[in-house]
Amino acid sequence: MALDARTQTAVRAAWEALRPEITEKFETLFACPELSCLEFRSAEVLADWLRAHGFDVEAGTAGIPTAFTARFTSGSGPRIAILAEYDALPGLDNLAMPKRASTGRLPGHGCGHNHIGPANAAAAIAVAKVMAAGVLGGEIVVIGCPAEEIIWGKLALQARGAFNGFDIVLTSHGDYQNGALSRPCYAAANGEFRFTGEASHSGKMSARNALSCTQTALAKVGSVLESEYEGLQFNYLFRFSGFAPGVIPDEVRIWCAVKHEDFDTMRAGYGRMESVFQDTAESFGVSLRSDLIAACRGYLPNDVVAGVLSEALAQVGPPAWSAGDLAYMEALSAACSPGEPFTLHRTLDYFDSGIDYYAQDDGDISWQVPLGRVNWAYPDTVPIHHWAWTALSGHPASYPGPLMASEALALAAVELLVRPDLVATARDELDQRTRQMHVPAPEFGLFDVLTGQPEAFWDASWT
Ligand SMILES: [Zn+2]
């Protein structure tokens, strides 16, 4: 790193002083898991914390009640945004115990966003402490980003200008490896579809049967997409399909998602799905309402930012798990993946080949502003989006990973603030990678529903 030893020591000391506050925030957010666009308490906890450390906080960024922007400025220099996520997943509650201890009905941090918000915000606080000492110029900003789990929040924020003017965006996430990423992930789109027909007795069914229509449409879409779009993933669930088998409902709602390595193929597949739904609805005399929630690109890699993150990680070292932490993770693995050998990535690596399996709502941002991401590892035998990930995210055994990421983000942000040349090179790389490409504005929908009646979105009663 270009950072002199004195500045490095100052950043690390500022970050180290925050450690107890960070782990306290991990616990606080874990204890109040909130669904996308309902993260009022989580956003408030993080915003209050940043305000207490001298950040200028604006709540409700871009008209989204559970978003916020927290800035710290000192003189002039690069403008760096750090993303904070804090939403939970439906049905993935679990106690922080190495066994299934859940209702399977309540929200839980099965993606570990209780770590991301505090870890990423703390990196910004540490940078602000060094800025306040008069060593650095520029701006460090935490963008509080709701609704990652429905791949919506950052697309809505971006489309409404929340990332305009930034030079670099940094973030982190739990996964199965420790290190910096410069590789793509999947493109994805999801939306809600509402088939409306005529209610009837199940023994005297109407021809305009919304339930039969939906089932027929789903079967058709599955085979059409499989034959026409190689590699396209298609998932769906019923949001509302009636109350009793004896009553055919007049309305059925489904939530569908598609994923593909290539954005254009993914988007074409989504359009094909809509047309099959429409044709099927017409053949049943049923009406169809289609609402896109969001369509997101995979990451555009950036080797320059990933290189800075990688050097910062090398200073910090891999997660410092204790024997007790490892014992907890082994016990949890035995409970959720019995008979499988316990494996955990314990070193640091650099990931710039292949593609990651997930889709993220910050994918589009990486096409607008150079974006870098640090991952920390969970055991290979602890599935993500699963009660076991929640069980680990609430236990101190999981803390060394996000703490590593937090400290590395702080060091990397300071390195970028003192090296405007690196910031410019990262921008050049993005421009090179997108040369002669038209990248349209982010696509998202249901803004009024998700910001105005999020509870009704989650119980599928919105109109
Ligand atoms: Zn996540």
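Analyst: Before we come to the helices, a word on angles: axes are lines fitted to C-alpha atoms, for helices over the stretch in contact, and angles run from 0 to 180 degrees between N-to-C directions. Contact itself means that the C-beta atoms of two residues, placed from the backbone, lie within 7 Å. Helices (H or I, at least four residues) and strands (E, at least two) are DSSP runs, numbered from the N terminus. Please keep in mind that this is a predicted model, in which local features need pLDDT of at least 70 and side-chain atom pairs count only at pLDDT 80 or more, while totals for chains, interfaces and linings use all residues. Residues are numbered from 1 along each chain as its sequence is written.

The sheet is an open one, built from five strands in the order β9-β11-β7-β12-β15 with antiparallel pairing, where two strands pair if DSSP finds at least two bridges between them. Its edge strands, each of which pairs on one side only, are β9 (233-240) and β15 (443-444).

Helix α5 (residues 210-228) packs on this sheet, where it touches β7, β9 and β11 (251-260), and its direction makes about 10° with that of β11. Helix α6 (residues 263-284), in turn, lies across β7, β11 and β12 and runs at about 155° to β11.

With β7, strand β11 pairs in the antiparallel sense over ten bridges, and here Ala257 of β11 is the bridge partner of Asn190. Eight of the ten residues of β11 are buried, so this strand is largely enclosed by the rest of the structure; a residue is called buried if 20 or more other C-beta atoms lie within 10 Å of its own, exposed if 12 or fewer, and partly exposed in between, with the C-beta atoms placed from the backbone.

Moving along the sheet, strand β7 (residues 187-196) also pairs with strand β12 (residues 287-296), again in the antiparallel sense, over nine bridges. In this pairing Thr196 stands opposite Ser287 in β12.

Finally, Pro440 sits in the loop between α11 (420-433) and β15. Because Pro440 has 11 C-beta neighbours inside 10 Å, it counts as exposed.
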